[in-house]
Amino acid sequence: MMYGAIEAGGTKFVCAVSDMQLEIKERVSIPTTTPEETIKQVFDFFDQYSLNSIGIGSFGPIDVNEKSATYGYVTSTPKTAWKNFDFLGTVKQRYNVPVSWTTDVNAAAYGELKKGSARGTESCLYLTVGTGIGGGAVVDGKVLSGFGHPEMGHLLVSMHPDDDFEGVCPYHGNCLEGVAAGPAIEKRYGKKGHDLADDKKVWEIEAFYLAQALVNYTLILSPEKIILGGGVMKQAQLLPLIKKEFTQLMADYVSTPALDEYIVTPELEDNAGITGCLLMAIEENK
């Protein structure tokens with residue numbers, strides 16, 4: 001029994017094949033260019049194997065509504081070449097096996113719930129803070145969706161009193177992603193985040209925005225665990241600042257688990273997404 005996984009990111013696709021015990025037999029990284037170029041390399045990789053099922057976790061926005069005419073499509077992405085691309089349909093046309101379809105952050109949330117920081121819980125929220133900001137949630141053991149998937153990175157936030165940055169989001173300007181993603185940090189200060197590691201004010205402002213989002217997610221979903229991943233979160237000084245700001249903003253209104261256990265980083269690190277995709281592939285085949 002062999003299972004395939006596609007973690008489709010805006011910069012690269014990670015493809016892997018594993019057995020039922022999640023022992024990865026092979027994995028590759030493929031640059032995200034155009035659908036024609038990238039998907040050809042994906043097929044070249046998987047054509048070597050006889051797969052029982054495939055799990056896909058894709059960058060978005062994507063259509064996850066099975067009743068929709070564009071179910072399985074990448075929709076209004078700023079990556080022009082991928083806009084309105086029938087991702088799921090293209091994979092299913094190539095391989096006559098069950099295929100699970102969700103967002104990359106939903107897959108990461110599921111991976112962390114089953115094998116990572118949220119093991120032993122029934123709910124968690126995964127937020128990636130990097131080139132963009134995206135979030136996925138698992139509630140009662142199932143990935144959360146409605147007419148579409150959550151777009152947690154585009155939450156509207158209050159501006160920090162010392163910040164007049166206009167934001168970089170092409171849709172909303174100064175939404176969470178617009179003021180707190182990696183490109184926002186670089187445009188605001190003229191330097192990348194890793195070159196600003198010693199500037200305390202930079203990270204206090206960053207924590208202010210991320211903590212606002214976590215308060216709102218907590219009030220709406222009450223997840224048992226919040227997991228923060230992505231390149232920006234590799235700044236070790238950021239997590240304690242977020243917890244401090246979260247405490248102040250929540251103002252004892254909701255009693256959460258101890259913050260050192262509630263707001264955490266991914267135990268699976270950069271493998272959360274591909275692990276979630278493999279788990280979904282295995283379950284799709286049951």
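**Note on helix packing, loops and exposure**

1. Helix 6 passes helix 7 in a right-handed crossing. The model is a predicted one. Helix 6 covers residues 200-221 and helix 7 covers residues 238-250; their axes come within 8 Å and cross at roughly 55 degrees. Angles under 35 degrees count as roughly parallel and 65 to 115 as roughly perpendicular, and helix 6 and helix 7 are therefore oblique to each other.

2. Which residues of helix 6 and helix 7 meet? On the helix 6 side they are W203, E204, E206, A207, F208, L210, A211, Q212, L214, V215, T218 and L219. On the helix 7 side they are L238, L241, I242, E245, F246, L249 and M250. The residues of this contact divide into 14 nonpolar, 2 polar and 3 charged.

3. A second pair to look at is helix 3 with helix 9. Their axes are 7 Å apart, and the two helices pack at an angle of about 80 degrees. Since 65 to 115 degrees counts as roughly perpendicular, helix 3 is roughly perpendicular to helix 9. The residues of this contact divide into 7 nonpolar, 5 polar and 4 charged.

4. The contact between helix 3 and helix 9 can be followed residue by residue. From helix 3 come N106, A107, A108, Y110, G111, E112, K114 and K115. They meet A272, G273, T275, G276, C277, L279, M280 and E283 of helix 9.

5. Is helix 3 mostly covered or mostly exposed? Helix 3 is mostly covered, with 9 of its 12 residues buried. The buried residues are V105, N106, A107, A108, A109, Y110, G111, E112 and L113. From its first C-alpha to its last, helix 3 reaches 16 Å, close to the 16 Å expected at 1.5 Å a residue.

6. Helix 9 is also a mostly covered element: 11 of its 13 residues are buried. These are A272, G273, I274, T275, G276, C277, L278, L279, M280, A281 and I282. Helix 9 runs over residues 272-284, and at 1.5 Å a residue its 13 residues should span 18 Å. The C-alpha atoms at its ends are 18 Å apart, which agrees with that expectation.

7. A118 is in the loop between helix 3 (104-115) and strand 8 (124-129). Buried means under 20% relative accessible area; A118 has a relative accessible area of 0%, so A118 is buried. Not counting residues up to four places away in sequence, A118 touches E112, L113, C124, K225 and I227. Of these, E112 and L113 are among the buried residues of helix 3. The C-alpha atoms of A118 and K244 are separated by 22 Å, and the two residues are 126 residues apart along the chain.

8. Where is G10 found? G10 is in the loop between strand 1 (3-8) and strand 2 (12-18). Its relative accessible area is 33%, so G10 is partly exposed. Leaving aside neighbours within four places in sequence, G10 is in contact with T32, F59 and K79. G10 and E23 are 13 residues apart along the chain, and their C-alpha atoms are separated by 26 Å.

9. A cis peptide bond joins G60 and P61, with omega about 0 degrees. P61 lies in the loop between strand 4 (53-58) and strand 5 (73-74).

10. N84 is a residue other than glycine with a positive phi, near 60 degrees. N84 is found in the loop between strand 5 and strand 6 (85-86). Exposed means over 50% relative accessible area; at 53% relative accessibility, N84 therefore counts as exposed.

11. S222 likewise has a positive phi in a residue other than glycine, here near 45 degrees. S222 lies in the loop between helix 6 and strand 11 (226-229). With a relative accessible area of 51%, S222 is exposed.

12. Is D260 buried or exposed? D260 has a relative accessible area of 62%, so D260 is exposed. D260 is found in helix 8 (residues 259-262). The C-alpha atoms of D260 and I185, 75 residues apart along the chain, are separated by 26 Å.

Key. Residues are numbered from 1 along each chain as its sequence is written. This is a predicted model: local features need pLDDT of at least 70, side-chain atom pairs count only at pLDDT 80 or more; totals for chains, interfaces and linings use all residues. Side-chain values use heavy atoms; hydrogens and water are left out. Helices (H or I, at least four residues) and strands (E, at least two) are DSSP runs, numbered from the N terminus. The expected span of a helix is 1.5 Å times one less than its number of residues. Buried means under 20% relative accessible area, exposed over 50%, partly exposed in between (1.4 Å probe, protein chains only). Axes are lines fitted to C-alpha atoms, for helices over the stretch in contact, and angles run from 0 to 180 degrees between N-to-C directions. Angles under 35 degrees count as roughly parallel, over 145 as roughly antiparallel, 65 to 115 as roughly perpendicular and the rest as oblique. A crossing is left-handed if the near helix is turned anticlockwise from the far one by less than a right angle, and right-handed if clockwise. Contact means heavy atoms within 4.5 Å. Ala, Val, Leu, Ile, Met, Phe, Trp, Tyr, Cys and Pro count as nonpolar, Asp, Glu, Lys and Arg as charged, and the others, Gly among them, as polar.
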